[in-house]
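Please work through the following exercises with the sequence and the structure in view. Each task is followed by a solution in steps.

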Amino acid sequence: MMTSDHPLRYALVNELHARPFPALSAPCVAAYIAIKEPVEAQNRDRGADRAHLLALLDRYGSAHPQPDATHFSGPLGRADVKWESHTEFVTYSAFTPGLSARAFDPAEMEVFAEDWLAVAPGKRVAAVLIRVELIEDEAAMLAKLEEWFVPESLAVARVVDGAAVIAGDFRIDPAGNMRFAVFARPDAGARRLGRIVQRLCEVETYRAMSMLGLMRARGLTERLNALDPRLSALVSGLDGVSRPAESALHELLAISAELESLAVQHSFRFGATGAYEAIVSQRIAALREDRVQGLQTFGEFMMRRYDPAMRTVKSAEVRLRSMAERAQRAAELLRTRVDVERSAQNQKLLESMDRRADLALRLQHTVEGLSVVAISYYAVSLAAYAAYPLIEGLGVSKGVAMAVLTPLVVLGVWGTLRRIKAGMH
């Protein structure tokens with residue numbers, strides 16, 4: 001009897017093939033955009049993304065994707081469109097055969113109409129035009145690159161075992177597009193060429209997404225610069241007596257709370273930045289670059305221009321974590337100091353209570369002594385009155401009787417009070 005399949009088995013296997021690379025033939029043009037909600041993009045309304053896609057497809061009378069689809073490919077007029085939904089953004093790619101007479105003509109992006117973009121559920125975070133030509137002789141190719149791109153930031157590489165040469169300057173042109181050129185060998189396969197173009201789009205998208213973390217890191221650094229002197233002053237004063245420990249502890253806890261709040265606010269962005277940086281590095285590595293005419297490769301460009309930005313993000317993340325840990329350790333030390341001071345205060349209070357108890361005991365003994373005297377005084381008087389008729393016939397004076405009775409009564413009262421006190425204890 002066959003074992004039944006796990007309910008997610010097919011879905012998980014299909015996920016491996018969810019986003020196939022396009023198949024392209026040179027010459028052609030690729031227009032690409034990525035759209036992201038400015039805030040909380042990971043929790044966005046994905047139904048709005050789908051509605052926006054359907055609005056584009058309806059303009060050309062194209063078929064619709066499945067209701068729960070996260071990717072779609074199909075014809076869009078003369079172009080073939082590809083749509084993908086990611087954690088924080090959605091991407092649209094349009095591949096059109098042939099080339100315009102003017103390289104990187106803004107009209108090549110008109111497949112994504114301005115009025116349609118204006119109502120997008122988010123903002124454009126990447127816009128890329130890729131011109132794919134058949135390779136010519138190297139001198140003519142370099143002349144075109146010098147005309148199309150800024151030489152100072154131009155990156156060029158022969159990729160995927162020499163199947164094509166890619167180039168770009170990572171600058172946004174007046175029309176708002178990032179531009180790349182691909183010069184393909186005639187024998188480069190359509191799938192291989194599609195992978196090259198797709199990886200260029202991904203490099204730009206994930207570069208842009210990861211550098212969102214740089215903007216957050218700069219804002220975070222300004223706040224940490226303001227908190228660091230306060231935290232350092234509190235830590236430096238831990239062994240001093242110029243300031244009450246409880247007051248310092250309250251301020252330190254306020255700083256710790258703010259640091260924890262900053263960590264919560266930035267944790268997702270910094271985590272996403274690290275993931276996007278890894279994808280950028282992986283995509284460039286997958287291109288297997290070789291140098292062309294001594295020009296810098298994409299990897300070298302990223303090492304000089306992109307890696308320092310990512311190090312800045314990591315530095316801010318590490319600094320935030322370090323300050324939070326330092327504040328926590330300082331708070332523990334201050335709590336210990338407060339506990340010690342409170343213990344000393346409690347000890348003094350107990351000593352004071354002991355002194356008061358001792359004083360009360362002495363006062364009690366004094367009162368007891370006075371009580372014996374007072375009771376004895378009245379008891380002697382009563383005893384004298386009772387004994388007077390008896391001693392009168394014996395010729396004993398009242399004074400002698402009082403003298404005899406006084407010590408006897410005092411001893412009796414004292415003994416009676418001792419028995420009462422012993423019985424109470």
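**Exercises on a predicted model**

At 47% relative accessibility, Leu349 counts as partly exposed, because that class lies between buried (under 20% relative accessible area) and exposed (over 50%), with a 1.4 Å probe and protein chains only. The model is a predicted one, in which local features need pLDDT of at least 70 and side-chain atom pairs count only at pLDDT 80 or more, while totals for chains, interfaces and linings use all residues. Residues are numbered from 1 along each chain as its sequence is written, and side-chain values use heavy atoms, with hydrogens and water left out.

**Exercise 1.** Determine the order of the strands in the open sheet and state which strands form its edges.

*Solution.* 
Step 1. Strands (E, at least two residues) and helices (H or I, at least four) are DSSP runs numbered from the N terminus, and two strands pair if DSSP finds at least two bridges between them.
Step 2. The eight strands follow the order E2-E3-E4-E1-E5-E8-E7-E6, and their pairing is mixed.
Step 3. Strand E2 (71–76) and strand E6 (155–159) are the edges, since each pairs on one side only.

**Exercise 2.** Locate the salt bridge between Lys144 and Glu133 and place it in its surroundings.

*Solution.* 
Step 1. A salt bridge is a side-chain nitrogen of Lys or Arg within 4 Å of a carboxyl oxygen of Asp or Glu. By this rule the count comes to 21.
Step 2. The closest N and O atoms of Lys144 and Glu133 are 2.9 Å apart. Lys144 belongs to helix H4 and Glu133 to strand E5, eleven residues apart, and the pair links distant parts of the chain.
Step 3. Glu133 is buried, with a relative accessible area of 6%.
Step 4. E5 (residues 123–134) and E8 (residues 178–184) run parallel and are joined by seven bridges. Within this pairing, Arg131 stands opposite Ala181 in E8.

**Exercise 3.** Which parts of the chain does the salt bridge between Glu152 and Arg171 tie together?

*Solution.* 
Step 1. Glu152 and Arg171 form a salt bridge whose closest N and O atoms are 3.3 Å apart.
Step 2. Glu152 lies in the loop between H4 and E6, and Arg171 lies in strand E7, so the pair ties together parts that are 19 residues apart in sequence.
Step 3. Both residues count as partly exposed: Glu152 at 48% relative accessibility and Arg171 at 37%.
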